[in-house]
Amino acid sequence: MQAEVDSAVTHDNWLSNIGILAGAWIGGVLLVLSGCAAHLEFPPMGTPLSASAKLETSSALKDLTLRYTNTCGQLQEVPLGGRLQEALQEGLHRTFERVVLDGAESAGPPDHVVQVDLIDSSFDLNKEALYDRAPAVIHLNAIARVYDRTGTLLRQTDIAVSRQERLRLEQVSKNCDYIIDPFVQDTTIDFATRVALTAKQAAASHGALSSTEPTTPPSEETLAVPPALSLALTEPPHGPTTTSTALRFKALLLDENSDLLLEGGEHVRIRVDVVNTGSTLIETASASLTGTRLALEHFPTTILRIPPLQPGQTRSLEFVATLPLLAQPEQAEIRVIVEERSGATAPPQTLSFTIAPTGTRGDDVDQVSPQASTVQHPAVSVVAIGISSTLTQQIPSRMHAAHDAETVAKYFQTLGGVPSSNIALLMDRKATSAQIEKTLREWLPTRSAKDGIVIIYFSGQAMISPRGEIMLVPYDGTKTPTSLYRLSALESVLARLHPQQAILIFDGKTSPVIDQTKTPPTPRWDLDGDNTIRLIAVEGLAAGIEDDTHRHGLFTYYLLRGLRGEADTNRDGKITLGEVSGFVRQKVAWASKSQFNVTQRPQMIPLLKSDDKTGDIILTTLPSLAASETP
């Protein structure tokens, strides 16, 4: 899930290195590790103080519940108060050797009492903005008070937490509910860490502590940030030396929409992949950006701390920015520097690019970068079929079907890394029943590896028999079943090929082959075999919406947007089948209702389970602007 950037705590409010840690950590600088967006974790608090503490919380905090309705209109309740209680207890356990829970008995009075009173809170989930995933915003305002054993108030601090994140719909359920748990978890850890740091500051500065404990807050080294967090250094670690380091890195500029046309107002990411090529641990290093001020001033931070790197270990960090709005093209250059605190540096790398005027790109999914994917997939075969009209015109036309198939084929070649020799494109007159049969039975076996991946895309019409059998309409097809291509024929082709995975994608209209039947048939998209996934644009008998504005079927339009990068929920530059499935189902359901005032719900058969590796199949890889230097 995409990490958020919160307002940093002012460093002047903190009189020790603990304050610096809190401000930098709570700032939420984006760090990506092993291809996943990072979520918050408790920072190590050093050796727990040899003292006891009791946690007391107000009833308003204990009873706090988040309420919202999911996309199916069902009321959902999240007991945030209980989660906050658990996180506060965990934070104090990391701060003090002994913790007395609220309401529990103890042998004697605790050394400190930590009271947390909730002042007010708010939670908002805007389902109407589902176009970009539903924005969720939570605000918590509380007061933390720390007392000594005599009841003397040592410190009182306002605890204000404000977090926002765009929540995506669950991919493996009925697509009703949001994945909210990581957002809640980040909120509770953020809140509890602020309280724990307040308690540690108060206790560490109090003279009643054991003589074995320091009277000053632990150093930054004691409170080392774990790999799941990033720490913005207060000063760039530029030293007088320029010796070489064992660190090597590659800098990439990732475009929001994969066309490598960088337009004002667009989001960009600079990803820095760092590896320790030496034989010893590198504990303290950073990555920083310098260069054109016009571009740099839009990055929330230009310095990221690199977590400790073992020999051979790799980390990935990301700087995220929104490009400035411009009236004229502007050249920009960003120089990426990786160095250790000692001053030892890796050879710097430079990213040179042009920021185009706002409005240059528009919203055209047909604009795809001509740059081929850096990752090639020779074991993938694609058959793309698009039929806008039929020979006899007995069946209503699908205006954009041929263009759909052509663009999908182009995406799999340029962004999917599929060799052009492994792609068969059949449009209109070239998509007769005989040609479809020949392509699937003769051409496909020569291009498909036994353990490869086969993708069949069809945009057009499907006729349904009274028993639910699916029959695709070729160019020369009519309402006579013998002129149609039966899905069972495709099933037999795939059975002989034994691919690792087969993916059938259908966009178009489904209608009964026999009109005016008493009981409308239910389309049976299921194919025998456990290795076939069906991503279907509609449920039951329905006509997939044609989006004349974008000149595509609505389903295919969002399929293309997902493939070019918008479905990359974990921001690793790779778009998987699971990500595309969830993205398309969410977006089409929203757009059909809000823009066309009808309901179109795509379906995935079967639904992916949470541990299903099929969802990890990579369909496309985002193109990127590589640094001019090679490490």
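## Terms and model

A crossing of two helices is left-handed if the near helix is turned anticlockwise from the far one by less than a right angle, and right-handed if clockwise. Helices (H or I, at least four residues) and strands (E, at least two) are DSSP runs, numbered from the N terminus.

This is a predicted model: local features need pLDDT of at least 70, side-chain atom pairs count only at pLDDT 80 or more, and totals for chains, interfaces and linings use all residues. Residues are numbered from 1 along each chain as its sequence is written, and side-chain values use heavy atoms, with hydrogens and water left out.

## Overall make-up

The protein has ten helices and 29 strands. Of its 631 residues, 55% count as buried. Buried means under 20% relative accessible area, exposed over 50%, and partly exposed in between (1.4 Å probe, protein chains only).

A contact means heavy atoms within 4.5 Å. Take the contacts between residues at least 6 apart in sequence: 74% of them join residues at least 24 apart.

## Helices H7 and H8

Two packed helices are described by the angle between their axes and the distance between the axes. Axes are lines fitted to C-alpha atoms, for helices over the stretch in contact, and angles run from 0 to 180 degrees between N-to-C directions. Helix H7 (residues 433–447) packs on helix H8 (residues 487–497) at about 25°, with the axes 10 Å apart. H7 is therefore roughly parallel to H8. Angles under 35 degrees count as roughly parallel, over 145 as roughly antiparallel, 65 to 115 as roughly perpendicular and the rest as oblique. H7 passes H8 in a right-handed crossing.

H7 contributes Leu-440, Arg-441, Leu-444 and Pro-445 to the contact. H8 contributes Ala-489, Leu-490, Ser-492, Val-493, Arg-496 and Leu-497. By class, the contact of H7 with H8 has seven nonpolar, one polar and two charged residues. Ala, Val, Leu, Ile, Met, Phe, Trp, Tyr, Cys and Pro count as nonpolar, Asp, Glu, Lys and Arg as charged, and the others, Gly among them, as polar.

## Leu-490

Leu-490 sits in helix H8. With a relative accessible area of 2%, Leu-490 is buried. Leaving aside neighbours within four places in sequence, Leu-490 is in contact with Leu-440, Ile-456, Tyr-485 and Leu-504. Ile-456 is 34 residues away in sequence, and the C-alpha to C-alpha distance to Leu-490 is 9.5 Å.

## Helices H9 and H10

The axes of helix H9 (residues 554–566) and helix H10 (residues 577–596) come within 9 Å and cross at roughly 135°. That angle makes H9 oblique to H10. The crossing is right-handed. Among the contact residues are Phe-555, Tyr-558 and Leu-559 of H9 and Phe-583, Val-584 and Trp-590 of H10. The contact of H9 with H10 has twelve nonpolar, three polar and three charged residues.

## A four-stranded sheet

Four strands form an open antiparallel sheet in the order E13-E12-E15-E16. Strands E13 (303–306) and E16 (349–355) are at the edges, each with a single partner strand, so one side of each has no neighbour in the sheet. The twist averages 20° from one strand to the next.

Two strands pair if DSSP finds at least two bridges between them. E12 (residues 285–291) and E15 (residues 330–340) pair in the antiparallel sense over seven bridges. Ser-288 has Ile-337 of E15 as its bridge partner.

## Arg-398

Arg-398 lies in the loop between strand E17 (380–386) and helix H6 (401–414). Arg-398 counts as buried because its relative accessibility is 5%. Beyond neighbours within four places in sequence, its contacts include Asp-507, Lys-509 and Glu-546.
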